[in-house]
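Hi,

Here is the structure I said I would pass on. Have a look at it first, and then read on for what turned up.

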Amino acid sequence: MGEWIIINNDQRRIELSRFLRTRRQKLSPQSAGLQNADHIRRRTKGLRREEVAALAGISLPWYTSLEQGKDINVSDQVLDSLARALNLSSDERDHLFFLAAPPRPMIKPSINCPVLLPSLQFLLDQMPQVPAYISDEKMHVLAWNRLASAVFGSFDTAEQRERNMIWRMFMLPSYRTLFIDWESLAGSLLGHFRSLYTRHIEDAWYAGFIAELMEGSPEFKAWWDSYEVQCTSQHPRAISHPRVGLLNLETQLLRFEDCQDQFLNVFIPDPKDGSMHRLAKLAEETNSFQS
């Protein structure tokens with residue numbers, strides 16, 4: 001059985017403060033429906049706190065306390081009103097509810113999973129025609145099949161950082177040329193990583209990893225501060241592969257029922273644009289080379 005884990009509610013409230021502030025600053029008066037706000041001279045971009053409070057039907061002192069990360073209880077009705085006032089997406093709404101939930105001193109993990117169930121590597125090896133790998137709540141790649149290494153680059157390295165998909169996306173120069181529209185994909189993965197981080201905020205590993213990337217990647221630093229959130233990462237991968245050319249891959253992300261922090265990532269080629277045939281060629285080359 002897993003040990004009890006103490007949740008850092010202070011850090012969670014800091015995250016809530018950052019999240020509300022960034023959402024408020026990104027929302028223009030016009031997009032919020034404040035057509036008469038054009039004449040107001042604004043020192044900062046986005047909505048003012050009093051405007052958010054008015055749109056949500058709550059008092060300014062109460063909203064200010066919430067955005068400042070103070071320890072106050074929040075009802076679902078108020079959170080719904082805030083989500084509508086800030087034009088939050090469904091992922092952002094879920095994130096708001098998670099951060100603003102009444103403090104729980106401790107939670108207990110449902111199952112203490114091993115690093116990797118042996119049967120899962122067998123599952124990956126039975127999918128030779130599609131790249132697939134298993135990742136965890138930190139976006140470490142725990143296991144992979146041959147075709148995944150052929151498509152995304154080798155994961156067989158002693159350096160754990162190089163088996164982390166966020167690290168690879170922002171720190172490997174080769175990924176910027178491998179992925180067509182790298183910026184869109186990197187932003188999507190970072191939004192998913194932010195959601196995972198918030199749900200494991202008690203884990204000290206994240207702070208060190210985030211600090212390392214903040215120092216090493218200007219894009220990571222700018223986008224982390226902008227606070228994008230996506231609760232799933234199913235962004236398609238468009239790849240300019242050096243051996244077979246264009247690969248358009250649909251992404252399927254599946255969570256294992258017994259190990260909630262392990263995910264099966266499967267990448268399915270587009271059958272209409274030739275990606276399926278090019279991927280099959282790469283699979284044949286890879287399997288014949290390994291045999």
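Which residue in β4 does Ser135 stand opposite? That would be Val141. Before going further, please keep in mind that this is a predicted model.

**The sheet**

Ser135 and Val141 face each other where β3 (residues 132–136) and β4 run antiparallel, joined by three bridges. These two strands belong to an open sheet of five, ordered β4-β3-β7-β6-β5, and the pairing is antiparallel. β4 (141–144) and β5 (237–241) are the edge strands; each has a single partner, so one side of each lacks a neighbour in the sheet. On average, neighbouring strands here are turned by 30° against each other, ignoring direction.

**Around α3**

Helix α3 covers residues 60–67, and its buried residues are Tyr63, Thr64, Ser65, Leu66 and Glu67. They pack against three other helices: α1 (9–26), α2 (49–56) and α4 (76–85). Where α3 starts, Ser59 has a side-chain oxygen within 3.2 Å of the backbone nitrogen of Trp62. Just past the other end, Gly69 has a positive phi of about 80°.

**The cores**

The largest nonpolar core has 43 residues, and those touching the most other members are Val151, Phe152, Ile166, Met169 and Phe193. Helix α10 (residues 182–199) supplies the largest share, eight residues. Leaving out residues up to four places away in sequence, the contacts of Ile166 include Met139, Leu189, Phe193 and Phe220. There is also a second, separate core of 26 residues, with Leu27, Ala56, Leu86 and Leu88 among them.

**Salt bridges**

The whole structure has 17 salt bridges.

- Arg13 pairs with Asp71, with 3.7 Å between the closest N and O atoms. This one links distant parts of the chain, since Arg13 sits in helix α1 and Asp71 in the loop between α3 and α4, 58 residues apart. Arg13 is buried at 15% relative accessible area, while Asp71 is exposed at 52%.
- Glu137 and Lys138 form a salt bridge at 3.0 Å, N to O. Lys138 is buried, at 11%, and Glu137 is buried too, at 14%.
- Lys221 pairs with Asp225, the closest N and O atoms being 3.5 Å apart. The two are four residues apart in helix α12 (residues 218–226), which means that about one helical turn separates them. Asp225 is partly exposed, at 44%, as is Lys221, at 40%.
- Arg23, Lys26, Glu92 and Glu228 are linked in a salt-bridge network.

Cheers

Conventions. Residues are numbered from 1 along each chain as its sequence is written. This is a predicted model: local features need pLDDT of at least 70, side-chain atom pairs count only at pLDDT 80 or more; totals for chains, interfaces and linings use all residues. Side-chain values use heavy atoms; hydrogens and water are left out. Two strands pair if DSSP finds at least two bridges between them. Axes are lines fitted to C-alpha atoms, for helices over the stretch in contact, and angles run from 0 to 180 degrees between N-to-C directions. Buried means under 20% relative accessible area, exposed over 50%, partly exposed in between (1.4 Å probe, protein chains only). Contact means heavy atoms within 4.5 Å. A polar contact is a pair of N or O atoms within 3.5 Å; within protein, one must be able to donate a hydrogen and the other to accept it, and residues adjacent in sequence count only if both atoms are side-chain atoms. A nonpolar core is a set of buried Ala, Val, Leu, Ile, Met, Phe, Trp, Tyr and Cys residues joined through side-chain atoms within 4.5 Å. A salt bridge is a side-chain nitrogen of Lys or Arg within 4 Å of a carboxyl oxygen of Asp or Glu.
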